[in-house]
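The sequence and the coordinates are shown first.

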There are 2 protein chains.
Amino acid sequence: MLLRHIKLILSYDGTDFLGWQVQPTGPTIQGVLATAIGRITGENVLPQGSGRTDAGVHALGQVASFATTSPIPASNLVDALNDVLPVAIRVLAASEVPAEFHPRKSARAKTYRYRIFRGGICSPFLARYVWHYPYPLNEEAICCAAGRVVGKHDFTSFAAVDSERKQSDEPRSNVRTIFSSQCWHQEDELVYEVCGSGFLHHMVRNLVGTFILVGKETLKPQDIGRILEARNRSASGATAPAQGLFLVNVEY
Amino acid sequence: MLLRHIKLILSYDGTDFLGWQVQPTGPTIQGVLATAIGRITGENVLPQGSGRTDAGVHALGQVASFATTSPIPASNLVDALNDVLPVAIRVLAASEVPAEFHPRKSARAKTYRYRIFRGGICSPFLARYVWHYPYPLNEEAICCAAGRVVGKHDFTSFAAVDSERKQSDEPRSNVRTIFSSQCWHQEDELVYEVCGSGFLHHMVRNLVGTFILVGKETLKPQDIGRILEARNRSASGATAPAQGLFLVNVEY
């Protein structure tokens, strides 16, 4: 039987999941997706993602792939999977890819967005998707600090200390290249968007937590360089809450 | 001690609640709000609402009131209550009102909105707030049908058969006046908005379920008059799902 490789683009509301990776303790995106694929193809597969998203983190365009002998055309898989998936997870697109395609290893760039709600009262319809931070912030200083991580750097200072959770085939280095890193004010939100070659565990949330210290003027934008050089997690700010973070897309 | 009467304007995401009214079986808006008021004022009160919303129905501007001897200024109650309420329920405003004010009996008009998502794939970030109906619909016929309920009518055909759940002081008549009733297409949604003197249990959802039959051309717009005259619930369509419905505001 012919083994076909399928690439999926997924969007999900991460609020009610324990993150991407299968866990024995509760529902995960990967686990729920595996069940759905099993129901459609009759095959027991574990889809691979472009990377793990943590509990509560959302995706507008996560990429996953799996191999199947099922003859179902890729174009029909979108509706078939959406019929059996919970509404909090949607398959946006499905296509056939070469066997060499790997959602993480083949990725050239990933974009994340972080939403900070600045208004006094956060609508119940936004609360799952933003960090509500109504306190004073020097947003200009934050935008300046955001620009300072562009380029190739060792991001150890912004990596979760548990970053030993690397997969055996993952590069051991904490060096990543950031192609763009910017923030802007949009309606009542401060939005931060960062595109890079890859991201360490908690890296975007730790960047945001550090930018908040710049916004509070505890740090200056130019301290970002010093923090990067320290290569020490204790040099940077607290991890921003999961619910403001979105994986926007993955480029190949 | 001086008894003060407080009016609250509330917004809530109804997804995870068993509706407005306190229930022994799970969390309700009224119950959670009563707990929050108790924590702030130290008093055991049951806030009264402008009307019940069903499980899964949302509010942009529900109105509730309660009496208290607490000296906390109304303006401080907004932040105080929001500090202890879950993020799915927000107090948007609080003000002192005369003892005669009753959120339901004093209401002159209420506006409801119903959102139908017409696209093929419904974003996980919308799914809690719309009815996903991707099938063909004659939307022009629906908009025409919507206009036909304007005026003073007996809405028995659109009332839940359980409408015996009236409160002892509720008018027994099923006559209500609809001031406006219109629908429009906005981005990928068909939006229906209706403003009236009051609404029977399930009335908006039964209207929407009937408009869908007009959209499917099972009924014609002019059948609405005949259905109203029938004064029989079996003359109208199925009850549309709760999650597309929003109580927009209440006027006094």
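The text below describes the chain, its strands and domains, the contact between the copies, and some individual residues.

## Basis of the description

The model is predicted: local features need pLDDT of at least 70, side-chain atom pairs count only at pLDDT 80 or more, and totals for chains, interfaces and linings use all residues. Residues are numbered from 1 along each chain as its sequence is written, while chains are lettered from A and ligands numbered from 1 in the order in which they are written.

## Chain A as a whole

Chain A contains 5 helices and 10 strands; helices (H or I, at least four residues) and strands (E, at least two) are DSSP runs, numbered from the N terminus. The radius of gyration of chain A is 19 Å, close to the 18 Å that the globule rule gives for 252 residues, so chain A is as compact as a globular protein of that length. This radius is taken over C-alpha atoms, and the globule rule is 2.2 Å times the number of residues to the power 0.38. Along its principal axes, the C-alpha trace of chain A spans about 60 × 40 × 30 Å.

Of the 252 residues of chain A, 37% count as buried. A residue is buried if 20 or more other C-beta atoms lie within 10 Å of its own, exposed if 12 or fewer, and partly exposed in between, with C-beta atoms placed from the backbone. Among the contacts in chain A with a separation of 6 or more, 73% involve residues 24 or more positions apart; two residues are in contact if their C-beta atoms, placed from the backbone, lie within 7 Å.

## Strand pairing

Two strands pair if DSSP finds at least two bridges between them. The table lists pairings of strand β3 (residues 58-68) of chain A.

| Partner of β3(A) | Sense | Bridges | Facing residues |
|---|---|---|---|
| β10(A), residues 245-251 | parallel | 2 bridges | A:Ala59 and A:Leu247 |

In chain B, strand β9 (residues 189-196) pairs with β5(B) in the antiparallel sense over 8 bridges, and B:Arg113 stands opposite B:Glu193 of β9(B). Strand β8 (residues 175-186) of chain B also pairs with β9(B), in the antiparallel sense and over 8 bridges. Here B:Gln186 stands opposite B:Glu189. The hairpin of β8(B) and β9(B) has 2 residues between the strands, and B:Glu187 takes a positive phi near 50° in this hairpin.

## Domains of chain A

The domain assignment of chain A gives domain 1 (4-97) and domain 2 (109-251), with bounds that come from an automatic or database domain assignment. The C-alpha centres of these two domains lie 26 Å apart. Their contact takes 14 residues from domain 1 and 11 residues from domain 2. On the domain 1 side, the residues divide into 5 nonpolar, 7 polar and 2 charged. In this classification Ala, Val, Leu, Ile, Met, Phe, Trp, Tyr, Cys and Pro count as nonpolar, Asp, Glu, Lys and Arg as charged, and the others, Gly among them, as polar.

## The two copies

Chain B can be laid on chain A with an RMSD of 0.0 Å by a turn of 180° and a shift of 0.0 Å along the axis. The two copies are thus related as by a two-fold rotation axis. The superposition is by least squares on the C-alpha atoms of residues with pLDDT of at least 70 in both. In chain B, the C-alpha nearest the axis belongs to B:Phe125 and lies 4.6 Å from it. The same surface serves both copies, as 100% of the contact residues of chain B recur in chain A.

The contact between the chains takes 16 residues from chain B and 16 residues from chain A. On the chain B side, β1 (4-12) and β4 (89-97) each supply at least two residues, and the largest share, 3 residues, comes from β4(B). By class, this side has 11 nonpolar, 3 polar and 2 charged residues.

## Two residues of chain B

B:Gly120 lies in the loop between β5 (109-117) and β6 (131-132) of chain B. B:Gly120 is exposed, with 11 other C-beta atoms within 10 Å. The C-alpha atoms of B:Gly120 and B:Tyr135, 15 residues apart along the chain, are separated by 8.6 Å.

B:Glu139 lies in helix α3 (residues 139-147) of chain B and counts as partly exposed, with 17 C-beta neighbours inside 10 Å. Not counting residues up to four places away in sequence, B:Glu139 touches B:His185, B:Leu190 and B:Gly215. B:Glu139 and B:His185 are 46 residues apart in sequence and 8.2 Å apart in space, C-alpha to C-alpha.
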